[in-house]
Amino acid sequence: MSCSPINPDLLSKVSFPDPDLLKVADLLSLEEKAHLEKVRTFLQTEVRPNVGGYWDREEFPFDLLPKLAEYGLGEIELSGFSNLLKGLLYAEVTRADVSLSALVGIHNELIIGAIDQLGSQEHKDTWLDDLRTFKKVGCFALTEPDHGSDIAGGLATTAEKTADGWVINGEKRWIGGGTFANFAVVFARDVADKEVKGFIVEMDREGVSASKIEHKMGLRIMQNADITFDNVVVPESALMPGATTFAGTNVMLRNSRAWVGWQGAGVQLAIMDRARQYVLEREQFGKKLAKFQLVQEQIARIQSNACASLAMMAQVAWLQENGAFDMPHAAMAKSTATRYARESAALARSLGGGNGIVTEHELSKLFNDVEILYTYEGTYEINALIVGRAILGTGAFV
Ligand SMILES: Cc1cc2nc3c(=O)[nH]c(=O)nc-3n(C[C@H](O)[C@H](O)[C@H](O)COP(=O)(O)OP(=O)(O)OC[C@H]3O[C@@H](n4cnc5c(N)ncnc54)[C@H](O)[C@@H]3O)c2cc1C
């Protein structure tokens, strides 16, 4: 397959003026802001210009993992940083590449988060050190072929208790990193008490098989897998003590949903970078596109969507910091930031005209990647329904 990485000449001309016009990053301490800027420079110079070809070929850039670790991106969850810095770091990774931000976010929020918050001391001792440096990676196996939005009630994978452990049977779908992960955090329904429980299952156990889902329209660098668990025997110690009901897991999912809100904000920074650059350079009717009133309205809308999303996410970080954060906040943040991102990605793609549909100009890559943000970690609709239920006091989907 031909390779069309993002044209480095185009990138070198980008001055990337700061799209954070409401100065959300100024809420950080000076030390935190310096760290954010150091990571941003690395991502913009060493990651963003080099990932287009991987995206086209649906390949994962494994050689980048040690570099991501060097900049602390493997241990954000354990860093002790403020929630605002964590979120802005997730946004900057997304600005460089949405797939890599999915890997970094799942790794921190769902894998390290699960082990740290729900795992046993043995789980922590076994995995955390190697996870910090990306020497090991996990995948988060919740969704199934027949159960996505209704997974909490519908989850069909089973776990059956035996004398010295458990036997797991079932199928999972869409699992990010499932083709190369060392282990999976697997959710299965206990056949005895019908509760959904979380298990750590090494991917080389007998009965585990994973196959890559090919030809995705977006998030093409992330390797998503169908995984089958066929009579997989695990010891009693595989059960995560904090995940013996779905309620335990839900607390963690609330935080990971906020992470996708930051992805929604971060991708808009990339959209703004690229759309601004394009209209300043492209000429039609003897003038730069930037001179046309209709174009300026669209650029203003893209910029305003990005600022609104960042400001909303900053307030979410404040709620997290102050122990006042709940699922409706997470659902509102995720659904709104990705809705704005979807509008802005479509506007920017269209501003690119024909060039907006090729990877070389990045706009089509962003447009396609945003579709995944809109759908995963609870679709836009399901998150909107969570907000609706909180406001109206009556559920419309369960
Ligand atoms: C690229 C990608 C990566 C992913 N990574 C992971 C991963 O690492 N781990 C993991 O466990 N999962 C992962 N997922 C799964 C993801 O979370 C699900 O795709 C998502 O929850 C939606 O489920 P579904 O695809 O089965 O859609 P469905 O649930 O079938 O929904 C289809 C449509 O129906 C709508 N709908 C459903 N029910 C209702 C309702 N009651 N009211 C109104 N509308 C409704 C939905 O909003 C959607 O528009 C990933 C998905 C994708 C696409």
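Let me begin with the overall layout, in which the protein is divided into three parts, namely domain 1 (8-132), domain 2 (138-238) and domain 3 (246-392). Please keep in mind throughout that this is a predicted model.

How far apart do the C-alpha centres of domain 1 and domain 3 lie? They are separated by 17 Å, and the contact takes 41 residues from domain 1 together with 37 residues from domain 3. The size of an interface is often given as the accessible area lost when the parts come together. For domain 1 and domain 3 the buried area is about 3300 Å², and carbon and sulfur atoms give 66% of that area.

Now to what the database record says about the chain. An unreviewed UniProt entry carries the annotation "domain: Acyl-CoA dehydrogenase/oxidase N-terminal" for residues 31-131. Over residues 31-131 the chain is 74% helix and 0% strand, with the end C-alpha atoms 25 Å apart. The annotation "domain: Acyl-CoA dehydrogenase/oxidase C-terminal", which also comes from an unreviewed UniProt entry, covers residues 252-392. In that stretch, residues 252-392, the chain is 78% helix and 3% strand, and the end C-alpha atoms are 25 Å apart.

Let me turn to some strands. Strand β2, at residues 158-161, and strand β3, at residues 165-176, pair in the antiparallel sense over 4 bridges, and the two form a hairpin with 3 residues between them. On its other listed pairing, β2 runs parallel to strand β4, which covers residues 183-190, and here the pairing has 2 bridges.

Next, a point about backbone angles. Most residues other than glycine have a negative phi, and most peptide bonds are trans. Against that background, I would like to show you two residues. F285 has a positive phi, near 55 degrees, and is not a glycine; you will find F285 in the loop between β8 (283-284) and β9 (287-288). E362 is also not a glycine, and its phi is positive at about 70 degrees; E362 lies in the loop between α11 (327-351) and α12 (363-375).

Are these two residues buried or exposed? F285 has a relative accessibility of 78%, and because this is over 50%, F285 counts as exposed. E362, by contrast, has a relative accessibility of 0%, and because this is under 20%, E362 counts as buried.

Q296 sits in helix α10, which covers residues 293-321. Although Q296 and R276 are 20 residues apart along the chain, their C-alpha atoms are separated by 9.6 Å.

Finally, a word on cysteines. How many disulfides does the structure hold? The number is 0. As for where individual cysteines sit, C139 is buried, with a relative accessible area of 0%, and C307 counts as buried as well, at 7% relative accessibility.

How values were computed
Residues are numbered from 1 along each chain as its sequence is written. This is a predicted model: local features need pLDDT of at least 70, side-chain atom pairs count only at pLDDT 80 or more; totals for chains, interfaces and linings use all residues. Side-chain values use heavy atoms; hydrogens and water are left out. A disulfide is a pair of cysteine sulfur atoms within 2.5 Å. Buried means under 20% relative accessible area, exposed over 50%, partly exposed in between (1.4 Å probe, protein chains only). UniProt positions are given in the numbering used here, feature names are shortened, and annotations may be inferred rather than shown by experiment. Two strands pair if DSSP finds at least two bridges between them. Domain bounds come from an automatic or database domain assignment. Contact means heavy atoms within 4.5 Å. Buried area is the accessible area (1.4 Å probe) that two parts lose on being put together, summed over both.
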